[in-house]
Amino acid sequence: MNTKVNLAGVQLKNPVMTCSGTFGSGMEYGEMVDLNRLGAVVTKGIANVPWPGNPTPRVTEVYGGMLNAIGLQGPGVDVFIERDIPFLKQYDTKIIVNVCGKTKEDYLDVVERLGETDVDMLEINISCPNVKAGALAFGQDPKVAEDITAAIKKVAKQPVIMKLSPNVTDISEMAKAVEAGGADVVSLINTITGMKIDINRRTFALANKTGGMSGPAVKPVAVRMVYQAAQAVKIPVIGMGGIMTADDAMEFILAGATAVAVGTANFVNPCTTAEIVDGIEAYMKKYGVEDINELIGAVR
């Protein structure tokens, strides 16, 4: 039974990876999850300098999920290269580094520095607020998304995954834009912007007022968007958004995702990723499927 999948020439032993921002850089979960079992570990967002993140409170529970406004807190690329890459290289899993920035130059700085390291792929978070465009996310304007993709591809040494924001009118248009810019893979969805108000204190539950909603409540939206993106582009799609079980993961694969990423579920059960690997294999055995690739986009 073959569970290997291919993302722009990078072969994963299985289609299960982590969502950026929910798994640290693997070290935080290493005692609970055998990282050797995962197709890839996707790191927390890495910027060119350390980012402190937003003021607290910055996480709150909502029906069917959570809101977060962490603000991409991170140690910066220097610490990441020195500390986290050597840790991850101990394991038989692919390393995908999520890259964030506030300007195009920020992104290019990180991408160039990672080009000299032994990581497998880069995932570019274009849901970051573009400080030169009044905080509108890079991923909310097709032209801007295409331009930043093209700029990154000019300097990147590794295959580039563009991570799309769902906070747009037409996800297909955004997927086509980054494909036109040269993206090797597209991943989606990032979080949906939401808000929660504490009615007893009459204040916002998050200091940032708004946050990114994730968890099982967003899954139907995510499956729909992954299907639309997979129909719109010829490059591979990584699907994510509310995956809690292997059944959830199979929905995304049948909708057209070559690989899937598990996020919020890691906070509920740190072993979710490994359980989904087992569950996908059990699904294949149940239905007599010899090759996982036969199931990609197989919905009728």
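**Reading a predicted protein model: a tutorial**

Q: Where is G71 found in the secondary structure?
A: Helices (H or I, at least four residues) and strands (E, at least two) are DSSP runs, numbered from the N terminus. G71 is found in the loop between β6 (65-68) and α1 (77-88). Before we continue, note that this is a predicted model, in which local features need pLDDT of at least 70 and side-chain atom pairs count only at pLDDT 80 or more, while totals for chains, interfaces and linings use all residues. Residues are numbered from 1 along each chain as its sequence is written, and side-chain values use heavy atoms, with hydrogens and water left out.

Q: Is G71 buried, partly exposed or exposed, and why?
A: A residue is buried under 20% relative accessible area, exposed over 50% and partly exposed in between (1.4 Å probe, protein chains only). G71 has a relative accessible area of 30%, so G71 is partly exposed.

Q: With which residues is G71 in contact, leaving aside its neighbours within four places in sequence?
A: Contact means heavy atoms within 4.5 Å. With neighbours within four places in sequence left aside, G71 is in contact with W51, G53 and N54.

Q: Which residues does the UniProt annotation "binding site" cover?
A: UniProt positions are given in the numbering used here, feature names are shortened, and annotations may be inferred rather than shown by experiment. An unreviewed UniProt entry gives "binding site" for residues including K44, G71 and N125. The feature "binding site" from UniProt (unreviewed entry) is also placed at a list of residues, among them S20, K44, N98, N125 and K163.

Q: Where is K44 found, and why does K44 count as partly exposed?
A: K44 is found in the loop between β4 (40-42) and β5 (59-62). Its relative accessibility is 23%, and therefore K44 counts as partly exposed. Beyond four places in sequence, the contacts of K44 include S20, I70, L72 and N98.

Q: Is N98 buried or exposed, and which residues does N98 touch?
A: N98 lies in strand β7 (residues 94-99). N98 counts as buried because its relative accessibility is 1%. Not counting residues up to four places away in sequence, N98 touches S20, K44, N125 and K163, among others.

Q: Where is N125 found?
A: N125 is found in strand β8 (residues 121-125). Relative accessibility is 7% here, so N125 counts as buried. With neighbours within four places in sequence left aside, the contacts of N125 include L72, N98, K163 and N190.

Q: Where is the place of V62, and how many residues apart in sequence are V62 and G21?
A: V62 has its place in strand β5. The relative accessible area of V62 is 19%, so V62 is buried. V62 and G21 are 41 residues apart in sequence and 18 Å apart in space, C-alpha to C-alpha. Not counting residues up to four places away in sequence, V62 touches L67, K196 and M213.

Q: Which residues does a cis peptide bond join, and which residue has a positive phi?
A: Most residues other than glycine have a negative phi, and most peptide bonds are trans. In this model, T56 and P57 are joined by a cis peptide bond, with omega about 0°. P57 lies in the loop between β4 and β5. The bond from L188 to I189 is also cis, with omega near 10°, and I189 is found in the loop between β10 (185-188) and β11 (192-195). K209, which is not a glycine, has a positive phi of about 75°. R202, a residue other than glycine, has a positive phi near 55°. R202 lies in the loop between β12 and β13; its relative accessible area is 75%, so R202 is exposed.

Q: Which residues make the nonpolar surface patch?
A: Patches are made of residues with over 30% relative accessible area and no salt bridge: like charges are joined within 9 Å, nonpolar side chains (Val, Leu, Ile, Met, Phe, Trp, Tyr) within 5 Å. A salt bridge is a side-chain nitrogen of Lys or Arg within 4 Å of a carboxyl oxygen of Asp or Glu. Here M195, I197, I199 and F204 make a nonpolar surface patch of about 410 Å². I199 has 69% relative accessibility and so counts as exposed.

Q: How many helices and strands does the protein have?
A: The secondary structure comes to eight helices and 16 strands. Buried residues make up 52% of the 300 residues.

Terms used. Accessible areas come from the Shrake-Rupley method with a 1.4 Å probe; for residues, only the protein chains shown count as cover.
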